[in-house]
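Hi,

Here is the structure I said I would pass on.

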Amino acid sequence: MTRRRLRFGLLTVAAGSLLVGCASGERTNEPASAALIIDIRIANGAVSPANTRTEAEVGQRIVLRVDSDTTDELHVHSAPAHTFSVAAASGQEFGFTVTVPSQVAVELHHLGRTVTTLLVRQ
């Protein structure tokens, strides 16, 4: 066998091994869990959801998707805290993570309502 064929054969085997490794689901750079999406609707002074409990994991991406007919502020009482300005618009998205196990209130400032309390676990 010539050196050229030998190199080609080794490269083919190496490439095949990489493909098999990727297909096996052993990716280390993937997040442990998918993003948690919470849909929030503010209409005519009413908020949905209201006063719910939502489970999340430390480090998990949390996305608040908001449709609102009024302006307000969303406060996320985590460490560090997050504040998001809500416009009178549809399709708004606000993302964050919580790095410490805790109970985290997500509240609307002007309406004075708790949307949900995140139960963030390890």
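Below is what turned up, going from the overall layout to single residues.

First, a reminder that this is a predicted model. The protein has one helix and nine strands, and the helix comes at the N-terminal end of the order, which reads α-β-β-β-β-β-β-β-β-β. There are 122 residues, and 29% of them are buried. Of the contacts between residues at least 6 apart in sequence, 60% join residues at least 24 apart. The accessible surface comes to about 8,200 Å², with 53% of that belonging to carbon and sulfur atoms.

As a general point, nonpolar side chains in soluble globular proteins tend to be buried together.

Ile 40 is worth a click. Leaving out residues up to four places away in sequence, Ile 40 touches Val 47, Ser 48, Pro 49, Leu 64, Arg 65, Val 66, Asp 67, Leu 74 and Val 115.

Two of those partners, Ser 48 and Pro 49, are joined by a cis peptide bond, with omega near -5°. Pro 49 sits in the loop between β2 (46-48) and β3 (52-57). There is also a cis bond from Ala 79 to Pro 80, with omega near 0°, and Pro 80 is in the loop between β5 and β6.

The β2-β3 loop also holds Asn 51, which has a positive phi of about 55° although it is not a glycine. Asn 51 counts as exposed because its relative accessibility is 62%, and the cut-off is over 50%. Asn 44, in the loop between β1 and β2, has a positive phi too, near 55°. At 76% relative accessibility, Asn 44 is exposed as well.

Finally, is Gln 92 buried or exposed? Its relative accessibility is 12%, so Gln 92 counts as buried. Gln 92 belongs to strand β7 (residues 92-97), and its side chain reaches the backbone oxygen of Ala 89 at 2.8 Å. Beyond neighbours within four places in sequence, Gln 92 is in contact with Leu 64, Arg 65, Val 66, Ser 68, Ser 85, Val 86 and Ala 87.

Cheers

Methods
Residues are numbered from 1 along each chain as its sequence is written. This is a predicted model: local features need pLDDT of at least 70, side-chain atom pairs count only at pLDDT 80 or more; totals for chains, interfaces and linings use all residues. Side-chain values use heavy atoms; hydrogens and water are left out. Helices (H or I, at least four residues) and strands (E, at least two) are DSSP runs, numbered from the N terminus. Buried means under 20% relative accessible area, exposed over 50%, partly exposed in between (1.4 Å probe, protein chains only). Contact means heavy atoms within 4.5 Å. Accessible areas come from the Shrake-Rupley method with a 1.4 Å probe; for residues, only the protein chains shown count as cover. A polar contact is a pair of N or O atoms within 3.5 Å; within protein, one must be able to donate a hydrogen and the other to accept it, and residues adjacent in sequence count only if both atoms are side-chain atoms.
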